[in-house]
Amino acid sequence: MEKTGKIVTILLWALLIVSAILVVSLVANINDVNDSDPAMLNWINANIVWVYILGITGAGLALVFGFLHTLGNKEAAKGGIISLVFLGAVALVAFLLASPEIPKFIGVDKFIAEGLTGDTIKLVDAGLIATYILFAIAVLTILLGPVIRLIYNK
């Protein structure tokens with residue numbers, strides 16, 4: 001195994017050991033009788049912080065290595081740019097179709113009093129519309145993919 005592979009393996013084992021210690025310590029300090037036990041709450045907070053550290057580090061490394069791979073491969077760069085333009089177009093269409101009108105339902109006054117605005121409604125609506133567009137494209141791709149493959153393979 002090359003030197004980098006050994007370092008990565010050692011690092012992964014270290015992360016696994018730290019994670020196991022945190023989980024075992026949390027389970028050992030769980031208290032069913034007193035929900036506000038300070039020791040238990042400290043272990044819960046430590047585990048949550050550890051999850052945040054692992055998640056942010058993993059996402060950051062994925063972005064950095066993805067970016068480095070894109071810089072070294074022109075085809076990957078072309079595909080990445082096409083994907084970004086497509087997602088930008090979906091986001092733009094969803095935002096243009098979104099409505100800032102606050103829906104009328106029982107209890108809406110409570111949300112308005114808590115700071116619900118038309119801008120927030122427009123962003124939520126845009127997110128829902130973007131989800132619907134991407135879902136429709138996924139379903140069409142699943143349904144039409146085999147048909148297109150049959151046509152091109154003939």
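Is F105 buried, exposed or partly exposed? At 40% relative accessibility, F105 counts as partly exposed, because that value falls between the cut-offs of 20% for buried and 50% for exposed. The model behind this value is predicted.

## The aromatic pair

A pair of aromatic rings is described by the distance of the centres and the angle of the planes. The count here comes to 1 aromatic pair. Its rings belong to F105 and F111. Their centres lie 6.1 Å apart, and their planes meet at 55 degrees, so the pair is tilted.

F111 has a relative accessibility of 39%, so F111 counts as partly exposed. The cut-offs are again 20% for buried and 50% for exposed.

## Charges over rings

F111 has a further contact to note. K110 lies over the face of the F111 ring, 5.9 Å from the ring centre.

F95 has a charge over its ring as well. The charged end of K122 sits there, at 4.7 Å from the centre of the F95 ring.

## The largest pocket

Rolling a probe the size of a water molecule over the atoms shows where empty space is left. In this model, the largest pocket has a volume of about 200 Å³. Its lining consists of L11, L15, I53, L54, T57, G58, L61 and F65. Two elements each give two or more residues to that lining: α1 (3-28) and α2 (38-72). The largest share comes from α2, with 6 residues.

What classes of residue line the largest pocket? The lining has 6 nonpolar and 2 polar residues. No charged residues take part in the lining.

Terms used:
Residues are numbered from 1 along each chain as its sequence is written. This is a predicted model: local features need pLDDT of at least 70, side-chain atom pairs count only at pLDDT 80 or more; totals for chains, interfaces and linings use all residues. Side-chain values use heavy atoms; hydrogens and water are left out. Rings of Phe, Tyr and Trp (its six-membered ring) pair if their centres lie within 6.5 Å; planes under 30 degrees apart count as stacked, over 60 as edge-to-face and the rest as tilted. Buried means under 20% relative accessible area, exposed over 50%, partly exposed in between (1.4 Å probe, protein chains only). A charge sits over a ring if NZ of Lys or CZ of Arg is within 6 Å of the ring centre and within 35 degrees of the ring normal. On a 1 Å grid over the protein atoms alone, a cavity is a set of points where a 1.4 Å probe fits but cannot get out, and a pocket is an open set with protein on both sides within 12 Å along at least five of seven lines; lining residues have an atom within 4 Å of a point. Grid points are joined across faces, edges and corners, and a volume is the space filled by probe spheres set on the points. Helices (H or I, at least four residues) and strands (E, at least two) are DSSP runs, numbered from the N terminus. Ala, Val, Leu, Ile, Met, Phe, Trp, Tyr, Cys and Pro count as nonpolar, Asp, Glu, Lys and Arg as charged, and the others, Gly among them, as polar.
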